[in-house]
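User: I'm new to this one and would like a close look at a single part, the place where the two chains meet. Could you walk me through it?

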Protein chains: 2
Amino acid sequence: MLFSIQHEDPDSKARLGRLELAHGPVLTPCFMPVGTNATVKAVRSKDLEDIGLNLILSNTYHLYLRPGIEVIEQSGGLHRFMAWKHNILTDSGGFQVFSLSPFRKIEEQGICFKSHLDGSTHRLSPEDIVDIQRKLGSDILMPLDFCTPVGISREEASKAADLTTRWARRSLIRWEKDFSPPAGQLFGIIQGNFFKELREKSAEEIISLGFPGYAIGGLSVGEQYEVFKDYLRFTAEFVPSRYPRYLMGVGTPQYILEAVENGVDLFDCVFPTRTARNAQAFTKVGPLSLKKESNKFDSGPIDPGCSCSTCINYSRSYLRHLFKTKEILAAMLTTYHNLYFIHQFILAIREAIRNDSFTDFKQNFRRKYDSRL
Amino acid sequence: MLFSIQHEDPDSKARLGRLELAHGPVLTPCFMPVGTNATVKAVRSKDLEDIGLNLILSNTYHLYLRPGIEVIEQSGGLHRFMAWKHNILTDSGGFQVFSLSPFRKIEEQGICFKSHLDGSTHRLSPEDIVDIQRKLGSDILMPLDFCTPVGISREEASKAADLTTRWARRSLIRWEKDFSPPAGQLFGIIQGNFFKELREKSAEEIISLGFPGYAIGGLSVGEQYEVFKDYLRFTAEFVPSRYPRYLMGVGTPQYILEAVENGVDLFDCVFPTRTARNAQAFTKVGPLSLKKESNKFDSGPIDPGCSCSTCINYSRSYLRHLFKTKEILAAMLTTYHNLYFIHQFILAIREAIRNDSFTDFKQNFRRKYDSRL
């Protein structure tokens, strides 16, 4: 069985789960760091492992364009290529086609787009997208979907959701054709923009196709926090409890707590790694801007309660200096801390669920975290 | 005793030595990586330790300007600041004043220069330079010297060498004033540009002052390789065998072999780390340019005979991809390899000296290394 629930919080939808993936079991809730170009930026695979992570996300669109799928295939797959022994989820590339490509065309057959790197034209069908992720050797594959921005018309959103369903069906057929465990699992993606009836329709259609897990797409794309919460709750409820739920693109502590509360098991975001490179570090009392003058003589660690190697060895004063001098080590040490922090946060969430105290945990964490420094 | 010779090569001046420094013994010959801004670029202190390094160089000029000596002092010194438990040699900053500052004036009293960062004016005497390195907590301190470029007149070179001697005397007086072991050792620096009689005069004057160790300055500054060799041999011979000899700014395998052959014990250079960031990796058959198309599908390591974590885990194909996508991990992995390679090279040199086979080792290494790929 792919997914088993180990414990359910009595006061919310939060649950502890276990995913049996091809590269080992993954406990949930689980945060996946993003390794766009076959590397989580500024950390080694070994560092991720030391932190305790065993599921990361990588971006099909980027890998397809550079170094190219045949390079990774010839290296023995993505795991071998990036020296990562644990699990990898790859996205479909749909989101990147919409956000990065200078030109794209959506057709029934698939997508046509120009590379943001060299302008070359590419056509990919939903079937191609499954095949590409198979070649990468992904543990969780995502089908091509039609991502839409906030603010489009109901008609546009409806068309996009319908096409997403048709593409999902084709992806599933392609994936099932040669599937044999323990190969990668293909998750369905629920779209529908910010129209509840479309969300409901998309959820019903996608779930009726019978994927082993479900993702909620098209949230956390710039909408208000209250809208996000509303649509998250509304959409998550359609996914039967026995399936793993994955909320795409979510990564701040606040959003993660909201997702867990609504029964989400997996989430990914560049937030912890990107903000680290921009000198922002997580602490239990909110984000800390390491470049600030006030850190100049501060010989204390980023977070006095953190036992990561960055906090054990290095001061705010030193990290500020590294950022000021644009040293690579600044990104290395802060990224490590942020990933360690977020993983410890996830471990604490799991512990709270296990103790039937998730709601208390959430309130206490938020009270401290929102107090700022 | 600061320095003891453990073995001498019968066919050359090469020798095995041991330096007893404040942060532990250092075996020589020893290559010091450069940690300009209190970090060897793109590696952690822990990585340096894992490689087996226990003496690094840091730049007084850079640290003085940023983060400022008071920041490091308040952090408990440079070792604590950068989380490095082993030894640190700091240069005097003289070289950087000449190479980086947009304005400088040499006076009997000391140097006056403008910061290359913000244009602010600074005046530092030889005594200040000793005091600054004391505050940093350096294990080996260098006195302020007057560095001169290739091609100046005999008169200019003579004046510079004379001033270097007067500054050396003042530095020594300042250093001896409060010296008590196991504090940092102050080395003398021999100058004299490319005039043998000036080199000889500088060596005699500096050595007569009675430092615990001697550096050869002003070589490897752009002169022809044959000129370098000639002046290295000529200058090194003036330093009595019982003292540690340090050749400043030397870091390619070829130059290191030449230095060791002439009885040099210590050398430093940005070469292994800077070239790593520029995608050039050491191999036993010469430097490898990782960006080259020929690496695209090469699933072998940088150097098949290397057991560093980069070569064990990652392929040329992957590293090429990381450089092409400008990933931070590219610099991290290649810097680690280059430092590991150069340290293994030093270990092999020591072993060869121990076996009375340094000359053979040098020839064999050069034959392979110069064969290129």
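User: How many residue pairs are in polar contact between chain B and chain A?

Analyst: Some ground rules to start with. This is a predicted model, in which local features need pLDDT of at least 70 and side-chain atom pairs count only at pLDDT 80 or more, while totals for chains, interfaces and linings use all residues. Residues are numbered from 1 along each chain as its sequence is written, chains are lettered from A and ligands numbered from 1 in the order in which they are written, and side-chain values use heavy atoms, with hydrogens and water left out.

Now your number: twelve residue pairs are in polar contact between chain B and chain A, both partners being at pLDDT 80 or more. A polar contact here is a pair of N or O atoms within 3.5 Å; within protein, one must be able to donate a hydrogen and the other to accept it, and residues adjacent in sequence count only if both atoms are side-chain atoms.

Which parts of chain B do the touching? The elements that give two or more residues to the side facing chain A are α1 (45-51), α3 (69-74), α4 (78-81), α13 (316-324) and α14 (328-354) of chain B. Those labels come from DSSP runs, numbered from the N terminus: helices are H or I with at least four residues, strands are E with at least two. By type, the residues on that side of chain B split into 17 nonpolar, ten polar and ten charged.

The rule asks for a side-chain nitrogen of Lys or Arg within 4 Å of a carboxyl oxygen of Asp or Glu. One salt bridge pairs A:K41 with B:E327, with 2.5 Å between the closest N and O atoms.

As for extent, chain B and chain A each put 37 residues into the contact, where contact means heavy atoms within 4.5 Å. About 3,300 Å² is buried between the two chains, and carbon and sulfur atoms give 60% of that. Buried area is the accessible area (1.4 Å probe) that two parts lose on being put together, summed over both. On the chain B side, B:R44, B:F297 and B:H321 lose the most area to chain A, together 18% of what that side buries.

How do the copies sit relative to each other?

Finally, the confidence scores. The predictor gives the complex an ipTM of 0.97 and a pTM of 0.97. Chain A averages a pLDDT of 96, and 99% of the residues score at least 70; pLDDT is the predictor's confidence in each residue, from 0 to 100.

How values were computed:
Nonpolar A, V, L, I, M, F, W, Y, C, P; charged D, E, K, R; others polar.
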